[in-house]
Amino acid sequence: MNFKQLQQQIDNNAMANFYVVTGEEEILLRRTVAAFKQLVALEDRDMNYSQFNLADQPLDMVINDAMSAPFFGERRVIVVNKPLFLTATGKISDHDSDLLLQLLEKPLSENIVVFFANDIKLDKRKKLTKLVLKMSEVVELPSLDERQSKQAIVSELAQRDYQITPDALSELVMRTNAHYSNMQNELPKLIAYANKTKIIDLEGVINLVPNTLTATAFTLVEAVIKNHSKAAVTIYRELIDNNEIPLRINAVLIGQFRLLLQVAGLSGNDATIASQLKVHPYRVKLAKQILKNHQLTTIRSGYLGMLNMERLLKSTQQDPEILFERFVFN
């Protein structure tokens, strides 16, 4: 089940008693929390809406709450963050296990328990995890790919009678690494910028949306590989001028070179490779574009050069800019 299908359930008042929410799309996760919270009337939330974090709260508090009838309201909603007992290393007492089984088998019809498992790894081989998943609606909120992110942004702008030019949209994608949540976070100021024209243009995106280090690193890596020494040094100096820490820049560059080597060794579409490497599909797309035009030996040399530069940054007092210039010109 995706977010849209969950919203349809809510609109039709056809809710289940248990939900397990997975995924990493930040905006959709926030909207999901808000959607469940809205199920309880504002005046009833103090008594009938509760949130628990099982990283530092006991499970029996959740169970007791879930077994209690709503207090002068139609519905009780219990949100559970970090349900660690569903992971491979998570522990649960026999007493809590028995109570949870009773709850799963005979839930109170007015109560909804939502397990947010977005930031933990479920152990689907575990008997209790299997049972929780079986008795629950699973809401999956994976990161949107580039195409989906673009469509969502264009659609949201259209609902407000705004447009975004193709080159502005491409620049927004590049500066946010096609992360839908990051793109969404930039919309308020872009909408304010285009308040009169209702059209978001390239100039607005360039002036208002900061370039992330990860996005800049791909440009920098490509400049290095292409032997565009002057451009590479200029980009590096700009990062230093923007108060980026040399060791952090170096770590990101090492990560980009490593990603290129990893993508070169894998087959499949962008989504499949991204899932294997646990990165956004857009980064795989950019890596493939670079790999099309450059020798693997050149990329390996760049990777080894970055590793050597990291060693020098950590063991000497040499100027980072001079080290980088030497690396590029060599």
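Is Lys-278 buried or exposed? With a relative accessible area of 74%, Lys-278 is exposed, where buried means under 20% relative accessible area, exposed over 50%, and partly exposed in between (1.4 Å probe, protein chains only).

## Basis of the model

This is a predicted model, in which local features need pLDDT of at least 70 and side-chain atom pairs count only at pLDDT 80 or more, while totals for chains, interfaces and linings use all residues. Residues are numbered from 1 along each chain as its sequence is written, and side-chain values use heavy atoms, with hydrogens and water left out.

## Overall description

The protein chain has 17 helices and seven strands. Helices (H or I, at least four residues) and strands (E, at least two) are DSSP runs, numbered from the N terminus. Along the principal axes, the C-alpha atoms of the protein chain fill a box of roughly 70 × 55 × 40 Å.

Of the 330 residues of the protein chain, 45% count as buried. Contact is taken as heavy atoms within 4.5 Å. Among contacts between residues at least 6 apart in sequence, 74% join residues at least 24 apart.

## Positive phi in two loops

Most residues other than glycine have a negative phi. Lys-278 is not a glycine, yet has a positive phi of about 60°. Lys-278 sits in the loop between α14 (270-277) and α15 (281-293).

Phe-72 also has a positive phi, of about 50°, and is not a glycine. The loop between α4 and β3 holds Phe-72, which counts as exposed because its relative accessibility is 70%.

Helix α4 spans residues 59-66, and its buried residues are Leu-59, Val-62, Ile-63, Asp-65 and Ala-66. These residues lie on the same side of α4 because they cover an arc of only 165° around the axis; the arc is that of the directions from the helix axis to the C-beta atoms. The cover over the buried residues of α4 includes β2 (49-53), β3 (76-81), α5 (94-105) and β4 (111-116).

Two packed helices are described by the angle between their axes and the distance between the axes. The axes of α4 and α5 come within 10 Å and cross at roughly 30°. Axes are lines fitted to C-alpha atoms, for helices over the stretch in contact, and angles run from 0 to 180 degrees between N-to-C directions. Helices α4 and α5 are therefore roughly parallel to each other, given that angles under 35 degrees count as roughly parallel, over 145 as roughly antiparallel, 65 to 115 as roughly perpendicular and the rest as oblique. Their crossing is left-handed; a crossing has this hand if the near helix is turned anticlockwise from the far one by less than a right angle, and is right-handed if clockwise.

On the α4 side, Leu-59, Asp-60, Ile-63 and Ala-66 meet Asp-96, Leu-99, Leu-100 and Leu-103 in α5. By class, this contact of α4 with α5 has six nonpolar, no polar and two charged residues. Here Ala, Val, Leu, Ile, Met, Phe, Trp, Tyr, Cys and Pro count as nonpolar, Asp, Glu, Lys and Arg as charged, and the others, Gly among them, as polar.

## Two further helix pairs

Helix α11 (residues 213-225) and α15 have axes that come within 11 Å and cross at roughly 10°. That makes α11 roughly parallel to α15. The contact is formed by Thr-214, Phe-218, Glu-222 and Ile-225 of α11 with Arg-283, Leu-286, Ala-287 and Ile-290 of α15. It comprises five nonpolar, one polar and two charged residues.

Helix α16 (residues 296-315) packs on helix α17 (residues 320-329) at an angle of about 155°, with the axes 11 Å apart. That makes α16 roughly antiparallel to α17. Gly-302, Gly-305, Met-306, Met-309, Leu-312 and Leu-313 of α16 make the contact with Pro-320, Leu-323, Phe-324 and Phe-327 of α17. The contact of α16 with α17 has eight nonpolar, two polar and no charged residues. The crossing of α16 and α17 is right-handed.

## Two buried residues

Ile-200 belongs to strand β7 (residues 199-200) and counts as buried because its relative accessibility is 0%. Not counting residues up to four places away in sequence, Ile-200 touches several residues, including Leu-157, Ile-164, Leu-190 and Val-205.

Glu-156 is part of helix α7 (residues 146-159) and is buried, with a relative accessible area of 15%. Leaving aside neighbours within four places in sequence, Glu-156 is in contact with Arg-31, Tyr-180, Gln-184 and Leu-187.
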